[in-house]
Amino acid sequence: MSQATELAAAAGSTDPRVGLRAVRALRRLLERLEVVQVDNARRQGWSWQEIADELEVSRQAVHKKHAGRPAVGSSWEA
């Protein structure tokens, strides 16, 4: 079973401590995945508007979040 699958299962736990820790870990994983994919899109020449459309956020929001940080490598494993 993958880490993401295990975390998703744990997020549904009846123990709030287990569930909330899983939610926190999933949030961190999601943030890393977004960074990797935004960098991937930018390397392929996508505009901020195209990225924003796929994420269903404003162009300004995605630009503010990602434009000022250094690009990451293609591996999202931390």
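Reader: Which helix has the highest confidence, and which has the lowest?

Author: This is a predicted model, and H3 comes out highest, with a mean of 98. Confidence is lowest in helix H1 (residues 3–11), at a mean of 91. Across the protein, the mean pLDDT is 91, and 91% of the residues reach 70 or more.

Reader: Let's stay with H3, then. Why is Asp53 called partly exposed?

Author: Asp53 sits in helix H3 (residues 48–55), and its relative accessibility is 47%. Buried means under 20% and exposed means over 50%, so with 47% Asp53 counts as partly exposed.

Reader: What makes the negative surface patch there?

Author: Four residues form that patch: Glu50, Asp53, Glu54 and Glu56. Patch members need over 30% relative accessible area, and Asp53 has 47%.

Reader: What about positive charge: which residues form a positive surface patch?

Author: That one is all arginine: Arg17, Arg21, Arg24, Arg28 and Arg32. One of them, Arg24, lies in helix H2 (residues 16–43).

Reader: How do you know whether Arg24 is buried, exposed or partly exposed?

Author: Its relative accessible area is 40%.

Reader: How far apart are Ala11 and Leu26 in sequence and in space?

Author: They're 15 residues apart in sequence, and C-alpha to C-alpha the separation in space is 8.6 Å.

How values were computed: Residues numbered from 1 in each chain as written. Predicted model: local features only at pLDDT ≥ 70, side-chain atom pairs only at ≥ 80, totals over all residues. Heavy atoms only, no water. Patch = residues over 30% accessible without salt bridge, like charges linked within 9 Å, V, L, I, M, F, W, Y side chains within 5 Å. Areas by Shrake-Rupley, 256 points an atom, 1.4 Å probe, with all protein chains shown as cover. Salt bridge = Lys/Arg side-chain N within 4 Å of Asp/Glu carboxyl O. Lys, Arg positive; Asp, Glu negative; His and termini not counted. Charge placed at Lys NZ, Arg CZ, Asp CG, Glu CD. Helix = DSSP H or I, 4+ residues; strand = E, 2+ residues; numbered from the N terminus. Buried < 20%, exposed > 50% of the residue type's maximum accessible area, 1.4 Å probe, protein only. pLDDT = per-residue confidence, 0-100.
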